Amino acid sequence: RIGQECNPPFIKNVIEWRRPDWAANLPFSGSEDSRVLQKVCTEASAKPEKPFVVDLKIVGLDLMGMGSSSNGDAGMGNTPSSSSDAMDNLKNLPDSLQKDGIPAGLLKSNPIELRGPLTAPFGQFEILYLDDEMRIIKTGQNYLAVNVRDEEEWF
């Protein structure tokens, strides 16, 4: 699946990676519920003279794991906030690796948030329509995209 997470001024393009069928019998490949979320983080801005034209700069990448033992929690919210949280993650790592596999298990216990001092242009889009449920945009390459909000957030 793909989706977007919008928390101004950031827009994260989310890609869900699931375990491929051919890897089902490999050791430490996880369950059918094991997945890795990749979030490409961009910073959006618009100028007052063109408020519907949004310029994007790439600012980073987030990687997190989810799986059968996630209980609905994942990602940056699971980042250890204290040394006791870090120790709990370390104690749960073998169980997480067994249930969720190596990629999802490691990233569930230790999500990665990469940000650098530099940004790079990532693209542009123009907002043609926007309400609480739907967004229609025209990309810088003149493609149209219609985005509809899911009833339930999956990332």
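In this predicted model, the largest pocket has a volume of about 1300 Å³, where a pocket is an open set of points on a 1 Å grid over the protein atoms alone, with protein on both sides within 12 Å along at least five of seven lines, and a volume is the space filled by probe spheres set on the points, which are joined across faces, edges and corners. Of the 44 residues that line this pocket, Gln4, Glu5, Cys6, Arg135 and Asn147 are the closest to its centre, a lining residue being one with an atom within 4 Å of a point. Two or more lining residues come from each of β1 (2-7), β2 (10-18), β3 (35-47), β4 (50-66), β5 (112-130), β6 (134-139) and β7 (144-148). By residue class, the lining divides into 22 nonpolar, 12 polar and 10 charged residues, with Ala, Val, Leu, Ile, Met, Phe, Trp, Tyr, Cys and Pro counted as nonpolar, Asp, Glu, Lys and Arg as charged, and the others, Gly among them, as polar.

The protein chain holds 2 helices and 7 strands, in the order β-β-β-β-α-α-β-β-β from the N terminus; these elements are DSSP runs (helices H or I, at least four residues; strands E, at least two). Of its 155 residues, 31% are buried, that is, under 20% relative accessible area, whereas exposed means over 50% and partly exposed in between (1.4 Å probe, protein chains only).

Residues are numbered from 1 along each chain as its sequence is written. Local features need pLDDT of at least 70 and side-chain atom pairs pLDDT 80 or more, while totals for chains, interfaces and linings use all residues, and side-chain values use heavy atoms, with hydrogens and water left out.

Turning to local backbone geometry, most residues other than glycine have a negative phi, and most peptide bonds are trans. Phe28, in the loop between β2 and β3, has a positive phi of about 60 degrees and counts as partly exposed because its relative accessibility is 45%. Asn142, in the loop between β6 and β7, likewise has a positive phi, near 70 degrees, and is exposed, with a relative accessible area of 57%.

In strand β2, Phe10 counts as partly exposed at 34% relative accessibility. Phe10 and Glu43 lie 33 residues apart in sequence, with a C-alpha to C-alpha separation of 4.5 Å in space.

Technical notes
On a 1 Å grid over the protein atoms alone, a cavity is a set of points where a 1.4 Å probe fits but cannot get out, and a pocket is an open set with protein on both sides within 12 Å along at least five of seven lines; lining residues have an atom within 4 Å of a point.
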